[in-house]
Amino acid sequence: MIYSVRGNLILMDAGIAVVECGGVGYRVQTSINTQKKLKLNSEVMLYTYMNVREDAMELFGFADKNELSTFKLLIGITGVGPKVALAILSDLSSEQVAMAVSAGDSKTLTRASGVGPKLAQRIVLELKDKMQSFAPAEGFDPGKGSVIADTGKVSKAVSALAVLGFSAADVTPILSRLDPELTVEQMISATLKQLA
């Protein structure tokens with residue numbers, strides 16, 4: 001499997017990036033969020049996922065590992081193919097998907113093309129089930145053995161980060177050091193930066 005591609009971005013079209021590596025141009029399908037981070041005729045690096053079907057081999061590329069992880073989680077859900085997962089990640093960042101799932105907000109997911117209310121509810125239900133094992137006791141910090149201030153925000157951030165594949169043990173110490181005035185989304189972004 002191809003883990004990543006690094007090279008010169010020679011073409012960008014709607015949902016497509018062509019990255020030239022060693023004289024070969026790789027056609028990579030991308031989300032709009034990834035395309036916003038790319039610059040034509042410059043060196044880029046994309047984390048990739050190769051989808052192999054009977055009639056096609058498709059390469060999907062993402063600007064960061066979190067978006068790739070979210071893509072893999074989404075395509076693991078019945079009824080969500082790569083095209084629908086890309087549509088979701090074009091409309092929402094991986095952090096916003098995690099927030100929607102942890103909050104049980106299926107309506108936000110329906111903003112993406114091809115996602116109806118039933119599919120959005122299935123996504124929330126299945127991803128919440130996958131992250132249940134990560135959920136810590138409300139406001140518990142394993143590093144300190146104490147209760148963190150504003151447990152609601154921290155718990156939401158921990159749940160959202162669990163959707164992205166991070167354990168409570170990894171993220172809670174970082175979250176406990178952050179400014180409690182930050183929004184949940186700011187907490188998630190700050191934590192992801194420290195984990196990178």
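Met-50 stands opposite Leu-59 in strand S5. Strands here are DSSP runs of type E with at least two residues, helices are runs of type H or I with at least four, and both are numbered from the N terminus. What joins S4 to S5? Six bridges join S4, residues 43–52, to S5, residues 57–62, and the two strands run antiparallel. Two strands count as paired if DSSP finds at least two bridges between them.

Please note that this is a predicted model, in which local features need pLDDT of at least 70 and side-chain atom pairs count only at pLDDT 80 or more, while totals for chains, interfaces and linings use all residues. Residues are numbered from 1 along each chain as its sequence is written, and side-chain values use heavy atoms, leaving out hydrogens and water.

S4 and S5 belong to a closed barrel of five strands with mixed pairing, in the order S1-S2-S3-S5-S4.

I turn now to the cores. A nonpolar core is a set of buried Ala, Val, Leu, Ile, Met, Phe, Trp, Tyr and Cys residues joined through side-chain atoms within 4.5 Å; buried means under 20% relative accessible area, with a 1.4 Å probe and protein chains only. The largest core has 44 residues, of which Ile-88, Leu-109, Val-115, Ile-123 and Leu-175 touch the most other members. Helix H7 supplies the largest share, six residues. Apart from this core lies another, of eleven residues, including Leu-9, Val-28, Leu-38 and Leu-59.

Which residues does Ile-123 contact, leaving aside neighbours within four places in sequence? They are Leu-74, Ile-77, Val-80, Ile-88, Leu-109 and Val-115, where contact means heavy atoms within 4.5 Å.

Definitions and conventions. Buried < 20%, exposed > 50% of the residue type's maximum accessible area, 1.4 Å probe, protein only.
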